[in-house]
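User: Hi! Could you walk me through this protein model in simple terms? I am new to this.

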Amino acid sequence: MKLRIARRKSVPASQAWCIRAGGLLAALFIGAVIILALGENPLSVYLEMINAAFGGRIGFNQTVRIAVPLLGAALAVGLAFKMRFWNIGAEGQILIGGIAATYFALFTDWPRPVLLIAMGLAAALAGGLWGLIPAFFRAKWNTNETLFTLMLNYVALGAVIYLQSVPAWRREGEMHPIIDMFPAAARLPQVFGIHIGWIMVLVLTVLVYLYLAKSKQGYQLSVVGESENTARYAGMHVKKIIMRTMLLSGAIAGLAGFWQVSGADFTLNETTAGGVGFTAIIVAWLARLNPLLMVPVAAFIAILERGSVRIQTVFSIPATIASVLIGIVLFAMLACEFFVQYRVIRSNPKEAA
């Protein structure tokens, strides 16, 4: 008896959701075994994770704050992935956007509306140009964008670490290199106790969806993703499309950096991105690169991250174990998407003969 993998022609929506539900239950069961091994009640731990995300206004606000940059970064990488351009550099694009926004926050004394607009535009432009660098090399010399964008993450991180030691950027009186806090004028206003980045990212989600589904540029992007040769045969300027898309992708990631430094942290440091650019890849894939589906997926992961922080405090569960629980759930979700698209077939070589 042999096993082989075959692609499914089509899967009913009900069956696909049953597979996903089964994967989630399997992940929760495995997590429960680990929690029991630590001597804790799995049901209490899971309920505490939910309570941390929804049990109070503060917890809910914190969950939304986690989801905002995550959704923004997912939109950014989703655009590039749709074109089969493997942008692993959202982490660096977020940091570069944060650097640009921080410059205006610390070195200008403009009225609040003007300053915030300038910070947002600077972050988008800086992130876009940072994303344009690997796109140019890919279009010009067909370089490997995966390695290129990944390495640029470390360049951006090094730039942030360097700026922490620059006297003009440092906070006065601090022994350790820390970038100064933003003045009140450089901080995003709040709506319902959460910075307005959550409104901006939801509007951006709709715009990205319309861009992909309704615009000529979105159609061209999809054709390039399917086949560059087909796009060239249809008269499309593939190099231009690659650079345009990555400019837009980097700009969105740069905006996520602006929301983080101006709405959540009120300063810039090496943890501003905090792995968001990498987690966003999981969000984009689980959502099947659909901007609208990225909203609930980003919210789900934000709930997991918020809950993991809470159980570390309440149950004294090590941070590593909390991260393992998140990893198990995410791995199960990714595995579900595999089984939604493929199936395992048993074949008998004797019957085939």
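Predicted model: local features only at pLDDT ≥ 70, side-chain atom pairs only at ≥ 80, totals over all residues.

**A chat about the helices**

Analyst: Happy to! H3 is largely enclosed by the rest of the structure, because 20 of its 26 residues are buried. Buried means under 20% relative accessible area, exposed means over 50%, and partly exposed is in between, using a 1.4 Å probe and protein chains only. Helices here are DSSP runs of H or I with at least four residues, and strands are runs of E with at least two, numbered from the N terminus.

User: How do H3 and H10 cross?

Analyst: Their axes come within 7 Å and cross at roughly 170 degrees; H3 covers residues 57-82 and H10 covers residues 238-265. Axes are lines fitted to C-alpha atoms, for helices over the stretch in contact, and angles run from 0 to 180 degrees between N-to-C directions. The two helices are therefore roughly antiparallel to each other. For such labels, angles under 35 degrees count as roughly parallel, over 145 as roughly antiparallel, 65 to 115 as roughly perpendicular and the rest as oblique.

User: Which residues in H3 meet which residues in H10?

Analyst: From H3, the residues include Val68, Leu75 and Leu79, and from H10 they include Leu248, Ile252 and Trp259. Contact means heavy atoms within 4.5 Å. The residues of this contact divide into 14 nonpolar, five polar and one charged. In that scheme Ala, Val, Leu, Ile, Met, Phe, Trp, Tyr, Cys and Pro count as nonpolar, Asp, Glu, Lys and Arg as charged, and the others, Gly among them, as polar.

User: How many residues of H10 are buried?

Analyst: H10 is mostly covered, with 20 of its 28 residues buried. Its 28 residues should span 40 Å at 1.5 Å a residue, and the end C-alpha atoms are 39 Å apart, which agrees. Phenylalanine 266 follows H10 and has a positive phi, near 60 degrees.

User: New topic: what about H1, which residues are buried there?

Analyst: Among them are Ala16, Arg20, Gly23 and Ile35. The cover over the buried residues of H1 includes helix H2 (42-54) and helix H13 (319-341). H1 has 25 residues, 13-37, and reaches 37 Å from its first C-alpha to its last, close to the 36 Å expected. Glycine 39 follows H1, and its phi is positive, near 85 degrees.

User: Nice. What does the domain assignment give?

Analyst: It gives domain 1 (1-40 + 317-353) and domain 2 (67-312), with bounds that come from an automatic or database domain assignment. The C-alpha centres of domain 1 and domain 2 lie 31 Å apart. Their contact takes 14 residues from domain 1 and ten residues from domain 2.

User: Last one: is tyrosine 233 buried or exposed?

Analyst: Tyrosine 233 is exposed, with a relative accessible area of 80%. You can find it in helix H9, residues 228-233.

User: And leucine 150, where is its place?

Analyst: Leucine 150 sits in helix H6, residues 145-164. It is partly exposed, with a relative accessible area of 23%. Leaving aside its neighbours within four places in sequence, leucine 150 is in contact with Ile88 and Phe278.

Key
Residues numbered from 1 in each chain as written. Heavy atoms only, no water. Expected span 1.5 Å × (residues − 1).
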